[in-house]
Amino acid sequence: MCGIIGYIGAKQVVPVIIDGLRRLEYRGYDSAGVAVVHDGVVEVRRSAGKLSRLEDALRAQPLAGDYGIGHTRWATHGRPTEENAHPHRDASGRIVVVHNGIIENYLEIKRELQGKGVVFKSETDTEVVAHLLREVMQDDGLENAVRRALLVLRGLFALVIMSADDPEKIVAVRNGPPIVVGLGDGEFFVASDVPAILAHTRDVVFLGDEEMAVITRHGVSFTDYAGAAISKATQRVLWDPVMAEKAGYKHFMLKEIFEQPWAIRETVLGRVSEESGTVFLNEMNLTAETLRAVDRVIVLACGTSWHAGLVAKFIIEQLVRLPVEVDYGSEYRYREPIVNERTLAVVITQSGETADTLAALREAKKRGASSVAICNVVGSMATRECDGTVYTHAGPEIGVASTKAFTSQLVALHLLGLYLAQVRGALTPDEIRPHISALNQLPLLIEEALKCEGQIEEIAKRFYQCADFLYLGRGAQYPIALEGALKLKEISYIHAEGYPAGEMKHGPIALIDEQLPVVAIAMQDHLFEKMMGNVQEAKARGGHIIALTTKGDDRLDEILDPLHDSRIPLPPCPPLVAPVVAVIPLQLLSYHIAVRRGCDVDQPRNLAKSVTVE
């Protein structure tokens with residue numbers, strides 16, 4: 001979860017590191033710190049709280065250095081205090097470490113080192129790495145000391161390390177959480193995510209598991225843990241650095257909500273031909289023979305991506321007529337899943353580095369499944385480990401609460417469903433053509449849906465002090481009810497429940513009273529009349545209805561009371577793209593309620609953007 005940045009080059013070091021940390025703060029904001037080496041001495045500044053506190057500390061006690069590393073923390077071991085903030089040092093103060101992940105055997109190592117007289121100053125698992133390195137340090141270079149330490153360490157972690165005793169060098173290792181190395185003109189970077197270095201370079205190398213990068217002023221060398229040299233491909237990141245800025249919006253989340261028409265155009269662009277009724281997925285890397293042999297699809301994901309997987313179940317089962325099972329990545333490997341070589345595993349992860357999803361993928365592959373990643377980050381671990389990939393091309397998403405990543409996932413999954421139907425002969429080109437037309441029209445439908453923002457702001461004014469919300473949907477809109485409730489929970493800290501509307505009478509109806517807003521997704525489809533009945537049930541018990549309906553369909557008007565209820569009209573759209581349109585006002589509702597409550601929209605408490613630890 002934590003953010004890591006390192007730099008060696010001709011620029012002033014501290015401004016480069018602070019700028020990188022600012023772009024990584026979405027990964028963790030419990031504390032932050034920076035370490036630089038200057039004239040053979042390591043100097044460190046750390047602070048609890050957000051990055052602004054560290055900047056205050058640096059203004060009070062400036063730092064200058066020749067090269068350095070920085071860190072923004074999402075706490076796992078130890079409270080968010082200055083003592084627990086990274087970077088951590090050994091007793092001499094000459095070795096310094098930043099870390100993302102978990103050292104599983106840190107207590108065992110700590111007790112052994114304490115038995116040798118080592119005094120620890122923090123509650124973290126990270127500090128053991130610095131002291132362990134001092135124990136194994138010899139005269140053969142920092143990288144070899146790191147290799148010796150790695151023989152002892154267990155867990156999933158990314159480490160970036162400096163030592164004043166081996167100057168002009170930064171060593172980075174990966175075993176789980178992501179590490180990316182940036183290659184500039186006479187300067188080099190290391191970070192946990194691409195946005196940290198985009199302002200300086202777009203040429204990057206992604207480390208794989210059990211790989212090491214040794215970075216000096218003269219270049220970067222890559223090896224495995226044993227020290228054997230490995231060849232790594234440089235990738236060109238196409239994101240514009242401006243895409244990671246707010247562009248005049250108050251929050252990244254609002255900017256990313258309004259970027260969705262563009263993101264969806266990018267996801268569809270070049271992949272469909274409406275004229276021929278054909279879908280092109282050039283990075284699938286799975287043969288038609290393999291795809292035709294598939295008799296079951298399992299979707300593996302977490303959080304918002306899991307909701308996208310639930311929508312995908314409706315899409316793939318309808319288009320391809322294959323059974324689809326949707327599983328939590330965090331639960332999948334803890335049972336005995338039934339998988340064989342005729343199973344297709346579809347993993348959904350915005351970052352491509354979600355630890356639970358990667359573990360589920362590996363379990364499915366071990367049992368013989370073919371695999372496809374739905375992912376936003378080129379070169380990430382999921383894309384390297386899967387047989388094929390459908391990139392979402394949504395650009396960087398900085399807000400912790402996922403918006404454009406989610407809708408572009410839905411579109412990528414729709415494209416995957418059409419592609420499978422095409423390869424397997426489940427749909428003819430004439431049958432595929434209307435779906436392509438719907439995807440091509442989707443950006444315009446979203447632009448129309450975004451016009452409801454003013455109405456959503458007024459609704460937020462009425463309900464932002466409520467303690468609970470209930471979200472209801474049916475069919476493919478049921479996962480959107482779950483997603484709407486999750487968004488509200490994530491950024492406003494209001495308790496919200498999402499339910500299939502037909503299940504309301506099996507328990508949740510007990511929640512409804514005059515204090516409860518009920519968000520009902522009641523767009524025009526084959527389930528509208530069922531949904532209308534559920535709205536009536538909620539109204540009969542005093543609930544305040546916020547209904548998403550289809551523009552021009554006024555059938556709910558006879559039920560709703562304009563003094564107490566709200567109706568948000570959305571543009572008519574085909575059923576399989578309707579979930580993408582319906583989620584837009586729910587994203588805006590959560591955003592405006594959170595703003596009214598004074599919440600930190602982009603960096604909600606206890607959350608981080610990319611969950612790279614279990």
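**Notes on a predicted model: helices, strands and buried contacts**

1. Start with helix H4. In H4, 8 of the 10 residues are buried, so the helix is largely enclosed by the rest of the structure. Keep in mind that this is a predicted model. The buried residues of H4 are Glu127, Val128, Val129, Ala130, His131, Leu132, Leu133 and Val136. An α-helix has 3.6 residues a turn, so residues three or four places apart point the same way.

2. What do the buried residues of H4 pack against? Their partners are strands E5, E6 and E7, together with helix H3 (106-115) and helix H5 (142-150).

3. Now look at the sheet beside this helix. It is open and has 6 strands, in the order E5-E6-E7-E8-E12-E13. The pairing is antiparallel. Strand E5 (88-89) and strand E13 (219-224) stand at the edges. Each has a single partner strand, so one side of each is left without a neighbour in the sheet. Helix H4 (residues 127-136) packs on this sheet, where it touches E5, strand E6 (95-103) and strand E7 (155-163). The direction of H4 makes about 130 degrees with that of E6.

4. Strand E8 (residues 170-175) and strand E12 (residues 211-216) run antiparallel and are joined by 5 bridges. Find Ala172, and you will see Ala213 of E12 opposite.

5. Next, strand E4. Is E4 (residues 67-73) enclosed or open? Of its 7 residues, 7 are buried, so E4 is largely enclosed by the rest of the structure. In a regular strand the side chains alternate between the two faces of the sheet. In E4, Tyr67, Ile69, His71 and Arg73 point one way. Gly68, Gly70 and Thr72 point the other way, and all of these residues are buried.

6. E4 pairs with strands E1 and E2. Strand E1 (residues 3-8) runs antiparallel to E4 and is joined to it by 6 bridges. Here Ile5 has Gly70 of E4 as its bridge partner. Strand E2 (residues 31-38) also runs antiparallel to E4, with 7 bridges between them.

7. Turn to the nonpolar cores. In soluble globular proteins, nonpolar side chains tend to be buried together. The largest core in this model has 96 residues, and Phe469 and Tyr471 have the most contacts inside it. Which residues does Phe469 contact, leaving aside neighbours within four places in sequence? Among them are Phe463, Leu488, Ile494, Leu516, Val519, Ile546, Leu589 and Ile593. His495 and Glu497 are also in contact with Phe469. A second, separate core has 29 residues, including Ile109, Leu133, Leu142 and Ala149. Leu133 is also one of the buried residues of H4.

8. Polar residues can be buried too. Asn376 sits in the loop between strand E20 (370-375) and helix H12 (381-385). Its relative accessible area is 5%, so Asn376 counts as buried. The side chain of Asn376 makes a polar contact of 2.9 Å with that of Gln350. The Asn376 side chain also reaches the backbone oxygen of Gly395, at 2.9 Å.

9. Finally, Ser305 in helix H9 (residues 303-320). Ser305 is buried, with a relative accessible area of 10%. Its side chain is joined to that of Gln409 by a polar contact of 3.1 Å. Not counting residues up to four places away in sequence, Ser305 touches Ile348, Thr349, Gln350 and Gln409.

Conventions: Residues are numbered from 1 along each chain as its sequence is written. This is a predicted model: local features need pLDDT of at least 70, side-chain atom pairs count only at pLDDT 80 or more; totals for chains, interfaces and linings use all residues. Side-chain values use heavy atoms; hydrogens and water are left out. Two strands pair if DSSP finds at least two bridges between them. Helices (H or I, at least four residues) and strands (E, at least two) are DSSP runs, numbered from the N terminus. Contact means heavy atoms within 4.5 Å. Axes are lines fitted to C-alpha atoms, for helices over the stretch in contact, and angles run from 0 to 180 degrees between N-to-C directions. A nonpolar core is a set of buried Ala, Val, Leu, Ile, Met, Phe, Trp, Tyr and Cys residues joined through side-chain atoms within 4.5 Å. Buried means under 20% relative accessible area, exposed over 50%, partly exposed in between (1.4 Å probe, protein chains only). A polar contact is a pair of N or O atoms within 3.5 Å; within protein, one must be able to donate a hydrogen and the other to accept it, and residues adjacent in sequence count only if both atoms are side-chain atoms.
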